[in-house]
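Hello,

Here is the structure I said I would pass on. Please look it over first; my notes follow below.

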Amino acid sequence: ANIESANDYTVRGGYNNHYLGAYQMSKAALQDVGIDYDEEQEKFLADPKMQDEAFERFTEQNHDYLKSKSEKYSKMDLNEQLGILGYAHNQGRGGALKYLETGKSKTDGFGTDAQKYIDEVKKALG
């Protein structure tokens, strides 16, 4: 949330302000966790608990996907997995899988290297 929005739960951002809240979740990410982007935007932006729960569910989905697709990810310790989940938040679960396979980091549409997400998670965990 710090990278995405400076912890601002009310912010819209990204391309055409398409991303919502503290975690800058996209329409697809919100749909993945059962939130109707078109009907629930204002409710979502006004409810930090709803955002935290949505982010948690989305991260769990990314974890389950990566665990099922990558032996390397499955063998990592929890802190390493959390770093990869940070990467997945920026590049998607498919992007995180490709990173695990190649070790090559990608940048998002704003030029942010997704390695930053891994580094920030590691730093936060000490």
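**Notes on helix α6**

Start at the N-terminal end of α6: a side-chain oxygen of D77 comes to within 3.1 Å of the backbone nitrogen of N79. Bear in mind that this is a predicted model.

α6 covers residues 78-102, which is 25 residues. Its end C-alpha atoms are only 20 Å apart. A straight helix would reach 36 Å at 1.5 Å a residue. Where does α6 bend? At Q91, by about 120°. After α6 comes G103, with a positive phi near 75°.

**Packing against α7**

Helix α7 is residues 115-125. The axes of α6 and α7 come within 7 Å and cross at roughly 165°. Angles over 145 degrees count as roughly antiparallel, so α6 and α7 are roughly antiparallel to each other. The crossing of α6 past α7 is right-handed. On the α6 side, the contact residues include N79, L82, G83, I84, G86 and Y87. H89, N90 and Y99 of α6 also take part. α7 contributes Q115, Y117, I118, V121 and L125.

**Packing against α4**

Helix α4 is residues 48-69. Its axis lies 10 Å from that of α6, at an angle of about 55°. That angle makes α4 oblique to α6. α4 passes α6 in a left-handed crossing. From α4, the contact involves F55, F58, T59, Q61, N62, H63, Y65, L66 and K69. From α6, the residues in contact include Q81, I84, L85, A88, H89 and R93. G94, A96, L97 and L100 of α6 are also among them.

Best wishes

How values were computed: Residues are numbered from 1 along each chain as its sequence is written. This is a predicted model: local features need pLDDT of at least 70, side-chain atom pairs count only at pLDDT 80 or more; totals for chains, interfaces and linings use all residues. Side-chain values use heavy atoms; hydrogens and water are left out. Helices (H or I, at least four residues) and strands (E, at least two) are DSSP runs, numbered from the N terminus. The expected span of a helix is 1.5 Å times one less than its number of residues. The bend at a residue is the angle between axes fitted to the seven residues ending there and the seven starting there. A polar contact is a pair of N or O atoms within 3.5 Å; within protein, one must be able to donate a hydrogen and the other to accept it, and residues adjacent in sequence count only if both atoms are side-chain atoms. Axes are lines fitted to C-alpha atoms, for helices over the stretch in contact, and angles run from 0 to 180 degrees between N-to-C directions. Angles under 35 degrees count as roughly parallel, over 145 as roughly antiparallel, 65 to 115 as roughly perpendicular and the rest as oblique. A crossing is left-handed if the near helix is turned anticlockwise from the far one by less than a right angle, and right-handed if clockwise. Contact means heavy atoms within 4.5 Å.
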